[in-house]
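Hi,

Here is the structure I promised to pass on. Have a look at it first, and then read my notes below.

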Amino acid sequence: MSRIDRAIDIFSPGAHEEKGEMARMSAYMAAIALGDLVKTTLGPKGMDKILQSTSHENEVTVTNDGATILKSIHLANPAAKVLVDISKTQDDEVGDGTTSVCVLAAELLREADVLVNTQHLHPQTIIAGWRKSSKVALEALGEIAIDNSADPEKFRKDLFDIACTTLSSKVLSKHKEHFANIAVDAVLRLKGSTNLDSIHIIKKSGAGIADSYLDEGFILEKSFGVGQPKRLEKAKILLANTAMDTDKIKIWSATVKVSDIDTVAAIETAERERMHEKCDKILAHGCNLFINRQLIYNLAEQYMTDRGIHSIEHADFAGIERLALVTGAEITSTFDKPELVTLGTSDVVEEIMIGEDRVLRFSGVPLGEACTIVLRGGTTHILDEAERSLHDALCVLSQTVSESRVVAGGGHSEVAMAAAVDRLATITPGKEALAMRSFAKALRALPGIIADNAGFDSSELVSALVAAQATGNKNAGLDMEKGVIGDMQALGIRDSYKVKRQIVLSASEAAEMLLRVDVILTSAPRQRSEDPRMH
C-alpha cells in the first residue's frame, strides 16, 4: 500500500470529524428535531412550554414564544444552533414569526432529506430549485398583499386585525381585542417610528389581566423624597448619575486615625459642608426636580427639601435613560458648568397609586409619543408572558406602519405561495422541478401543523383550502374556532406582509446553508494544565 493510500489523521487528539452521509444526517436530523420541538406551539391553539433553569431552581418560565424557548435551551449540535440564530434574527427584525421560521426551515430540510436519500438529488440541484421557488413565492406574496395606508380608518382596522391575530396564539388571547386596541393606540402615537423605547411597559401584580391599560404619560416606579409634596407642576428636571452619599474618603483599605473627639467632629463638619457645596451647585442649574441614578442620602435630600427642590433617588439605568429620552434632558455627572447642561421638562409630575404601589407619572413631556402600558395580572409568570406577547404585537405593528401591506392569515398566504411554486414546477424540466415541489410541500405543511395543533384533520382542511383558492376564493383560510374554511377578511384574520416575507427569506436561506454541509468538524477540548498547588 502506498503512502498516499494510507489514512492520514491530521487532527489533534480529541477532535472529531463527521463527513458525507453522517454529516448530512446529523445536520438534517438535529434541525428537524428542533422544529418538532417548537411546532406544537404554532397557531391559535398551540401549547405552552415550561422552561426551568438548572442554576436557579425557582426560576420558571411558561411560554409559547419561539424565540424565548430556543434561546433558553442549551444545544450541542451546530445545525440546531443555526435555527436558533434565525429565530433570534426574526425576533429582532420583525418581532413575530419566530416559531414559523424555525418550523419552515425544519420542514424544508425534512423534504431535502427525502430528495437526497430517496431520489438521489444532489444538494446543489435542490438549492437551485429552492432559489427559484423562493423568488416566485415572494412574488406571489406581493401580489396578494393589500395596502390600505391611504385610508386611515381602514389602515387602523388592518392594524387591529394584525394585533388580534398575533395575540390569538398568546396568553392574552381571551382579551385580545382589549390588548389589540392598547397596542394600536400606542404604536400610532409613534407617528411612523419603529423605535419602541417611547413605549414603557410596567408590570404590577394584582387585579385581573383585563384591568391593564394605556397611560398617556411616562410612569417611573419611584416616589418623591420624604416630606416633599406629591405633585409638581412645570417641572424643570436635572438628571444625574453621581454619588450623593456623605463624601467620605473612598480609598480601599484607607483609615483615618484621630487623637480626640474634636477632630472627629471637625471631619464630620467638613463632610457636611462638602455635600452642601455639591447641593448648591445642583441648585444653581435652576431645576426644581433632581433625579439621580444613585442613592441620595438623608443630608442631601433634606437640604433640597428645605429649599423647595423635589428629589428622586435610585432611578435605575434603564429608567434614567428612558427619562432622558422622553423629557429631553441630558444625564450629567458634574455640576461645575450649569450653562452646558440641558434640563428636561414636564407639565406635571405627580404621585399616583397602581394597586398597592406608589409611582410617579410624568405628563406633558416634550416627546409626545411617550406612553406607558400598565399590565396587571395574578402571577409574575402571567405578567412576564403577557409582556412578551404584547411586545411581539407592538413590534409587528410598528413594522407594519413602516411597511403597510397586509396579507390574509389562517394559512392563506402559505397555500397561495405554494400554488405559485407548483405552477412553476409544472413548466420546469429536469430534477429542479422535484425540489420546487418539495418547497411547495413545506409551505403547505405550516397550515397543516396549525390544524393539527387545534385537534382537526389537517389533511382534509389543507386539501379543502387548496381547492377553495384554486376555484377563485381569494380570501379562503383556516378558521380554527370552527375547524372549517372561512373568509379571512370577514373574520379579521390578517398577517403583516413583512413578517411573512421575512419568514420565507430566513427559512430558505438557513435550510440552504445546512443543505450545503458535508463535513462537521468538532475541535478538541482545551487541555487544562494541572495546578501544582493541588499536590
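A word on terms before anything else: helices here are DSSP runs of H or I with at least four residues, numbered from the N terminus. Also, please keep in mind that this is a predicted model.

Which helix gives the most to it? That would be helix 16, with three residues. Sorted by class, the cavity lining has six nonpolar residues, two charged ones and no polar ones.

Now for the pockets. The largest pocket has a volume of about 960 Å³. A total of 45 residues line it, and Gly43, Pro44, Thr165, Ser168 and Ser169 are the ones that lie nearest its centre. Several elements supply at least two residues each to this lining, among them helix 4 (98–117), helix 7 (176–188), helix 13 (432–453), strand 16 (476–479) and helix 16 (497–515). Helix 6 gives the most, with six residues. In this lining you'll find 14 nonpolar, 18 polar and 13 charged residues.

The second largest pocket holds about 440 Å³ of space. It is lined by 20 residues, and Ile144, Ala416, Arg423, Gln469 and Lys474 are closest to its centre. Helix 5 (123–144), strand 15 (405–408), helix 12 (412–426) and helix 14 (458–470) each put in at least two residues. Here helix 12 gives the most, with six. The classes for this pocket come out as twelve nonpolar, three polar and five charged.

Next, the aromatic rings. Such a pair is described by the distance of the centres and the angle of the planes. How many aromatic pairs does the structure hold? There are two. One of them joins phenylalanine 290 and phenylalanine 335 edge-to-face, at 6.5 Å centre to centre and with 65° between the planes. This pair links distant parts of the chain, 45 residues apart: phenylalanine 290 is in strand 9 (residues 289–292), while phenylalanine 335 is in the loop between strand 11 and strand 12 (344–354). Both phenylalanine 290 and phenylalanine 335 are buried.

Strand 11 itself covers residues 331–332, and threonine 332 has its place there. Is threonine 332 buried or exposed? Its relative accessibility is 10%, and buried means under 20%, so threonine 332 counts as buried. Apart from its neighbours within four places in sequence, threonine 332 is in contact with Leu238, Leu239, Ala240, Asn241 and Val341.

Last, take a look at helix 1, which runs over residues 21–38 and has 18 residues. From its first C-alpha to its last, helix 1 reaches 26 Å, close to the 26 Å expected at 1.5 Å a residue. Its buried residues are Ala23, Arg24, Ser26, Ala27, Tyr28, Ala30, Ala31, Ile32, Leu34, Gly35 and Val38.

Happy browsing, and write back with any questions.

Cheers

Technical notes. Residues are numbered from 1 along each chain as its sequence is written. This is a predicted model: local features need pLDDT of at least 70, side-chain atom pairs count only at pLDDT 80 or more; totals for chains, interfaces and linings use all residues. Side-chain values use heavy atoms; hydrogens and water are left out. The expected span of a helix is 1.5 Å times one less than its number of residues. Buried means under 20% relative accessible area, exposed over 50%, partly exposed in between (1.4 Å probe, protein chains only). Contact means heavy atoms within 4.5 Å. On a 1 Å grid over the protein atoms alone, a cavity is a set of points where a 1.4 Å probe fits but cannot get out, and a pocket is an open set with protein on both sides within 12 Å along at least five of seven lines; lining residues have an atom within 4 Å of a point. Grid points are joined across faces, edges and corners, and a volume is the space filled by probe spheres set on the points. Ala, Val, Leu, Ile, Met, Phe, Trp, Tyr, Cys and Pro count as nonpolar, Asp, Glu, Lys and Arg as charged, and the others, Gly among them, as polar. Rings of Phe, Tyr and Trp (its six-membered ring) pair if their centres lie within 6.5 Å; planes under 30 degrees apart count as stacked, over 60 as edge-to-face and the rest as tilted.
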